[in-house]
Amino acid sequence: MIVAIQGSRNFDEYQVFLRAMGTALSMMEEGDNSFTIYSAGPANLNSMASEFSNVSERGLKARGIKIRLRKVPVSSIKDSIEDINYFAYFSKPKEPVSDLVKYAENKDAEVSIFRY
């Protein structure tokens with residue numbers, strides 16, 4: 001499974017991030033043994049994704065799932081949008097979504113917006 005994430009610079013709710021990752025994990029299909037996160041930033045979201053990967057690695061490995069984190073530019077996500085199973089965007093209330101969210105929605109990708 002490939003999950004893409006992006007957020008605003010002001011987003012700082014790690015618990016909301018964990019809920020989004022839980023949602024993504026619950027969407028994994030039977031027999032899928034890979035969970036890859038493409039993070040398009042910013043730095044605060046990259047840090048959350050890195051912490052999640054490190055903390056979850058042992059538990060997922062015990063279930064035969066390998067977790068990977070890749071920090072990528074927005075263009076990389078746009079180029080591989082057909083391969084992405086889930087896209088999560090994080091922001092504070094009333095902040096506009098990014099152009100990447102609009103692009104993913106236009107390509108009929110599974111998009112969730114978390115505003116807290």
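Turned away from the buried side of helix 4 (99-106) is a face that carries the exposed residues Asp99 and Asn106. Here, buried means under 20% relative accessible area and exposed means over 50%, with partly exposed in between (1.4 Å probe, protein chains only). Helices (H or I, at least four residues) and strands (E, at least two) are DSSP runs, numbered from the N terminus. The model is a predicted one, where local features need pLDDT of at least 70 and side-chain atom pairs count only at pLDDT 80 or more, while totals for chains, interfaces and linings use all residues. Residues are numbered from 1 along each chain as its sequence is written, and side-chain values use heavy atoms, leaving out hydrogens and water.

Which residues of helix 4 are buried? They are Leu100, Val101 and Ala104. These residues sit on the same side of helix 4 because they cover an arc of only 100° around the axis, the arc being that of the directions from the helix axis to the C-beta atoms. An α-helix has 3.6 residues a turn, so residues three or four places apart point the same way. The cover over the buried residues of helix 4 includes strand 1, helix 3 (74-79), strand 4 and strand 5.

Now for the insides. A nonpolar core is a set of buried Ala, Val, Leu, Ile, Met, Phe, Trp, Tyr and Cys residues joined through side-chain atoms within 4.5 Å. The largest one has 23 residues, and those touching the most other members are Val3, Ile5, Phe17, Met21, Phe35 and Phe90. At least two residues of this core come from each of strand 1 (2-7), helix 1 (14-26), strand 2 (34-39), helix 2 (43-62) and strand 4 (86-91). Take Met21: apart from neighbours within four places in sequence, Met21 is in contact (heavy atoms within 4.5 Å) with Val3, Ile5, Phe35, Ile37 and Phe52. There is also a second, separate core of 15 residues, with Ile2, Val72, Ile84 and Val97 among them.

Most residues other than glycine have a negative phi, and most peptide bonds are trans. The bond from Gly41 to Pro42, though, is cis, with omega near 5°, and Pro42 lies in the loop between strand 2 and helix 2. Lys94, not a glycine, has a positive phi near 70°; this residue is found in the loop between strand 4 and helix 4. Lys94 counts as exposed because its relative accessibility is 86%. Asp108 is not a glycine either, yet its phi is positive, about 60°.
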